[in-house]
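Here is a quick tour for someone meeting this structure for the first time. Have a look at the sequence and the model, then read on.

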Amino acid sequence: MFKRFRRVRANQAIRELVEETRVDIKDFIYPLFIKEGQGIKKEIASMPGIFQMNIDDALNECKELTELGIDKILLFGIPDVKDSVGSGALCEHGIIAEAIRKIKETYPNIYIITDLCFCEYTDHGHCGILDLECNSVDNDATLEITARQAIIHAEAGADMIAPSGMMDGMVETIRSALDSEGFINLPIMSYSTKFASAYYGPFRDAAESAPSFGDRKSYQMNPANRCEAIAESLEDEAQGADILMVKPALAYLDIVRDIREATYLPLCIYNVSGEYSMLKLAASAGVIDYDKILMETMLSFKRAGADMIISYHAKEVARLLQKRKSL
Ligand code: PBG
Ligand code: ZN
């Protein structure tokens, strides 16, 4: 028996036939950081290879993505002006609404998902309106503006809305707002199980969204809690989410597996900024075989039970898969 398996593993054809999990470029969603104004494309110091860009640069980026076979993007907006309630996100000419319209004009086949949150738009960097009494966010006041932001994205032509603020009731609120405006077919991908994680560090440089005081522990999840993690996702399913998500990825693959077994909804995994930067910096220090570790990592996401992967590595994955095909 063992001998036969060893022979099987050595034979490429059988190896392919019995391979249980595969990484396909169609599984990937690529995040873009779009900055208001005409500023030049700026590399994020803590995320080598990832840039803040204006809308014109984003269009060039879409060209490159299309050529690589990546046709799904996740948009983050960085406004010029921030205030206490994140007004930049509530205007139909805001950065994300404009970006959606321009991208759709040139690349109608690119599937646009919008991250829906306020931390990039508030001067205090929290994910919603503040409740000064508890020194954190006012959940229900934030729900109201969340619904408005969703409608703005929908009207601009977004294909899917991805609320990431972890407010209680956000999926239900967005669903009913979208439905009442006629967007009954617009899906919601909820950041349903999002941990309060230090792995988001580099993202906060990228999106200029670090909280100016405190942390996000009152609305993001405790990394120690497994049952709560599953319950949070199931709660969003009950509220009408179409796709669930676990974030971050690497340190939470057990949770991905648990949720995979608790629901029949599609499941997304977010391979976050800190995970990206760790691999990048290990590669530049010359201590890992980057390409191999990258693909092994992506495979682990699929094997854990994720159907789709949001990753800053998507372009590199595309190139590696193409190279593999031509061998
Ligand atoms: C905003 C948001 C964050 C990320 C995605 N959407 C940061 C946060 O919650 O602090 C993190 C993504 C990453 O680290 O790559 N709510
Ligand atoms: Zn946020």
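Let's start with α8, which gives the second largest pocket the largest share of its lining, five residues. Helices and strands here are DSSP runs numbered from the N terminus (H or I, at least four residues, for helices; E, at least two, for strands). Before going further, a word on the ground rules. This is a predicted model, in which local features need pLDDT of at least 70 and side-chain atom pairs count only at pLDDT 80 or more, while totals for chains, interfaces and linings use all residues. Residues are numbered from 1 along each chain as its sequence is written, chains are lettered from A and ligands numbered from 1 in the order in which they are written, and side-chain values use heavy atoms, with hydrogens and water left out.

Back to that second largest pocket. Along with α8 (226-239), β7 (136-137) supplies at least two residues of its lining. The lining has 19 residues, and the closest to the pocket's centre are Met-166, Met-167, Asp-168, Tyr-219 and Glu-232.

For the largest pocket, 32 residues make up the lining, with Glu-19, Thr-21, Arg-22, Leu-299 and Arg-324 nearest the centre. Two or more lining residues come from each of α1 (2-10), α2 (12-17), α11 (290-304) and α12 (314-325). Sorted by class, that lining holds twelve nonpolar, five polar and 15 charged residues.

What counts as what? On a 1 Å grid over the protein atoms alone, a pocket is an open set of points with protein on both sides within 12 Å along at least five of seven lines, a cavity is a set where a 1.4 Å probe fits but cannot get out, and lining residues have an atom within 4 Å of a point. Points are joined across faces, edges and corners, and a volume is the space filled by probe spheres set on them. For the classes, Ala, Val, Leu, Ile, Met, Phe, Trp, Tyr, Cys and Pro are nonpolar, Asp, Glu, Lys and Arg are charged, and the others, Gly among them, are polar.

| Space | Volume |
|---|---|
| Largest pocket | about 1,300 Å³ |
| Second largest pocket | about 260 Å³ |
| Largest cavity | about 150 Å³ |
| Second largest cavity | about 50 Å³ |

How many cavities of 30 Å³ or more are there? The count comes to three. Around the largest cavity sit 19 lining residues, with Phe-76, Lys-194, Tyr-200, Phe-203 and Lys-247 closest to its centre.

Cys-117 and Cys-127 both lie in the loop between β5 (111-116) and β6 (130-131), so the pair ties together parts that are ten residues apart in sequence. Cys-117 is buried at 2% relative accessibility, and Cys-127 is buried too, with a relative accessible area of 2%. Buried means under 20% relative accessible area (1.4 Å probe, protein chains only).

Finally, some strands. β2 (42-44) and β3 run antiparallel, joined by three bridges, and a hairpin of two residues links them. Within this pairing, Glu-43 stands opposite Phe-51 in β3. Strands pair if DSSP finds at least two bridges between them.

Key:
Buried means under 20% relative accessible area, exposed over 50%, partly exposed in between (1.4 Å probe, protein chains only).
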